[in-house]
Structures are given as C-alpha cells and as structure tokens.
Amino acid sequence: MSSRRNFLQKITASAIALQIPDFVLGAQEEVIPQEPYEGPVLRVAIMGLGSYGNRVAGAMQASQKAKLVGAISGTPSKLKDWQSKYGIPEKNCYNYENFDALKNNPDIDAVYIITPNALHKDQAIRVANAGKHVICEKPMSINAKDGQAMIDACKKNNVKLLVGYRMHFEPKTLEIIRMRKNGELGKVLFFQGLCGFIIGDPTQWRLKKELAGGGAMMDIGIYAINGARYMIGEEPIWVTAQETKTNPEKFKPGVDETIQFQLGFPSGAVASCLSTYSLNNLDRFFLNGDKGFAEMLPSTGYGPIKARTNKGELDYPHVTHQTVQMDEMAGIILEGKKPIVPVDGEEGLKDLKIIDAIFLAAKTGKKVPLKL
C-alpha cells in the first residue's frame, strides 16, 4: 500500500510541476506529464500579434520542442508588451519594414506568419529570403498563384514552408483517418462538412476583400475543404458551388457570406459542404462508409473535439492544439519527421486551387474540373 501511495504522490507531483497556465488550457483540458526533453529546439518569432498570435504564443509556453524568441508587429506598444510578457529580448523584435534584418539574427530559426491573408505571400517571401523557415497560418495565401510563389521562394532559399493545419495533429481526427485507412468504415461514400458562425464587427479585416481575399470561405470554409480531403483520403476531381448573400451591405462584392459546395472524388465518393458567416453552431464533420461512419461535433474548434463512430465514442485527452502543432512542426523542421497528414506548402496550395475553383463555380454556375 505504501509503495502504491508513493507512486501516486510522484505522479501528482509530476503533474503539478508540469502544470500549464490557465491562459493556455481551458477548464476541460488535461495535463499529461512528459519526460524532460533534451533534443533540438525550434526558435520561433511570431509575425502578427493579434488575437490568434496571442493564442499561439500562450500555447507555446507549454511546448517542449518550440520556443517563442521573437516578435514582429507594426504596433510598438504590442512589441513592448510581448517583451515583458514572454521575455523576448529587444534585439529579436522587428516591425514590418525592417524584418528583412532577420537574416543577420542567428537566434531565430523560423517565423510564424499570423497576419491578414493577402499579406502572407510577400511576407513569406521576405522571410524565406532572410534564410528563415516559414510557418504560415491558413489559408496559405489568397489564391493558388500566390501560393506557388511562396513555395518557389522557400525552395530557392532552402527553407521549409509549413501551414498552420493544427487539426492534422489532433488525436481523434487521426484515429478516424486510421480507421478509414484500415478499412474499418468500408468503402467511403460521403462526407459532409459544416463550418460557420455569425461574424461580428463589420469593419474587421476578415470582411475586406483586399486583406482577406474573400469572406467565410477563406476563414472557415477551408476547414471543410481540407477535412473532405483528409477524411475521404483522395483528391477531388470536380467542384460545384452556389453562393447566397442576404446582407450585401455587410458582405461587399468579393466577400462571400455563404457558399454551399460539392466535391467529387475519383472513387465516386462525394462531399457536400457549407461555409458561412451567417449561421452559428456549425462545426460538424460526418464521414459515411458502407461498413461504418464517423462524426465529429465539434470538429475543428479549439477543443475539446468530440467524436464518435459506429463503434462508439472516441476518448482521448485534450491538449491545446497549438502546443501540439508547434512541437510537431519543430520535429518536421529540425528532425525531418513525416506527419500522417502533410502540413507543407504543397498541401496549402491544393486547398487554394480548390478555393479558386469554388469561387469560379459559384460565379459561373458550372461544374469546374480539378487537377491537384
């Protein structure tokens, strides 16, 4: 009994020692004790210190393989705040005019770009030209042409280009992918992806075409596009789409409010998806095969993700997605690890090609062929 008590005391002490701050973990998140890590660490600067930049920064405090060491912003007060909040030295802080000087800073390995979509291409190319690895929030850019330019620049400079697909490392998502690969769901026939919420402030950058490159599709619809691909396990060969706009004052020309779209796959499987800024409570994936099914609800939020299959509920501890993402991306960059679902520039480019085709299909009313 005493040995069991000592064992439990040690486990509890370990959990307390590794306790993650409240700003990183929600009330339902689970702390998983880990062995001390002594391998290489990816030293990251975050570009764009808005709400999601702060979320990533907070989550990185619990990362073992990635460390926040730099910040890039056009707002001096934000840089000062991050210096004190995260212990970032002033020499590792830059603005949008001078960050090309990263090439002379050996203390930064990679830059995570978390700025409005239309800025990604030029910023990524500048980071690559400075010899630093690029991590870019999704969508990678606003169209496939710009995405290809980013890939080319990173290849030219021999640096990695990764895209912030955090769901590619989420355990329940990966379990469903494993089940599908192993044939446990049988022949995959159908996927449904519902992604949407009612967007607020009409003056925000996400509703400005020149910054966002679109509307709901760029922000939330990309989850359904990407989800259809990794859940079905194929690349689509055609797309059809229909756009609905009920508030043209809020959703200006080129800024989509709601788009329904359908994807066809080589095996005959189809996907039916919805992307919207005008409906709440839409965060659901459903995958149907002739031997089983998988449902995720919520499917792509910050968590916890909930999932069930025809065999029952999937139960895995929830760890902050961005913490896991940054550790896994560090492994990809520093150790050459191969993720189960890719997160490289080519993966991001495929989604951009599909988005381009969806916009074209919605505009013309025609079925648009795809070749990824």
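Trainee: What is the average pLDDT of the protein?

Mentor: This is a predicted model, in which local features need pLDDT of at least 70 and side-chain atom pairs count only at pLDDT 80 or more, while totals for chains, interfaces and linings use all residues. Residues are numbered from 1 along each chain as its sequence is written, and side-chain values use heavy atoms, with hydrogens and water left out. The pLDDT is the predictor's confidence in each residue, from 0 to 100. At least 70 is reached by 91% of the residues, and the average is 92.

Trainee: What is the volume of the largest cavity?

Mentor: On a 1 Å grid over the protein atoms alone, a cavity is a set of points where a 1.4 Å probe fits but cannot get out, a pocket is an open set with protein on both sides within 12 Å along at least five of seven lines, and lining residues have an atom within 4 Å of a point. Grid points are joined across faces, edges and corners, and a volume is the space filled by probe spheres set on the points. The structure holds 1 cavity of 30 Å³ or more. The volume of the largest cavity is about 60 Å³.

Trainee: How many residues in the lining of the largest cavity are charged?

Mentor: The lining includes Lys-138, Tyr-165, His-168, Asn-226 and Thr-300. Ala, Val, Leu, Ile, Met, Phe, Trp, Tyr, Cys and Pro count as nonpolar, Asp, Glu, Lys and Arg as charged, and the others, Gly among them, as polar. The lining has 5 nonpolar and 4 polar residues, and the number charged is 1.

Trainee: Is Asn-226 buried or exposed?

Mentor: Asn-226 is found in helix 8, where helices (H or I, at least four residues) and strands (E, at least two) are DSSP runs numbered from the N terminus. Asn-226 touches Tyr-165, His-168, Glu-347 and Asp-351, not counting residues up to four places away in sequence. Buried means under 20% relative accessible area, exposed over 50% and partly exposed in between, with a 1.4 Å probe and protein chains only. Because its relative accessible area is 3%, Asn-226 is buried.

Trainee: Which residues lie nearest the centre of the largest pocket?

Mentor: About 830 Å³ of space lies in this pocket. Helix 2 (51-60), strand 7 (188-196), helix 8 (216-232) and strand 11 (282-289) each supply at least two residues of its lining, which by class has 17 nonpolar, 15 polar and 8 charged residues. Of the 40 lining residues, those nearest the centre are Ser-51, Tyr-52, Trp-205, Arg-206 and Asp-219.

Trainee: What arc do the buried residues of helix 4 cover?

Mentor: The buried residues of helix 4 (residues 120-129) are His-120, Gln-123, Ala-124, Val-127 and Ala-128. They lie on the same side of helix 4 because the arc they cover around the axis is only 135°. The arc is that of the directions from the helix axis to the C-beta atoms. Their cover includes strand 1 (42-47), strand 4 (110-113), strand 5 (133-136) and helix 5 (144-156), and the arc asked for is 135°.

Trainee: With which residues is Glu-170 in contact, leaving aside its neighbours within four places in sequence?

Mentor: Glu-170 lies in the loop between strand 6 (161-163) and helix 6. Its relative accessible area is 5%, so Glu-170 is buried. The contacts of Glu-170, leaving aside neighbours within four places in sequence, are Met-296, Ile-305 and His-321.

Trainee: Is the peptide bond from Leu-297 to Pro-298 cis or trans?

Mentor: Pro-298 lies in the loop between strand 12 (293-296) and strand 13 (307-309). Pro-304 is found in the loop between strand 12 and strand 13, and the peptide bond from Gly-303 to Pro-304 is cis. With omega near 0°, the bond from Leu-297 to Pro-298 is cis.

Trainee: What is the phi of Asn-158?

Mentor: Asn-158 is found in the loop between helix 5 and strand 6. Asn-158 counts as exposed because its relative accessibility is 70%. Although Asn-158 is not a glycine, its phi is positive, at about 60°.

Conventions
Contact = heavy atoms within 4.5 Å.
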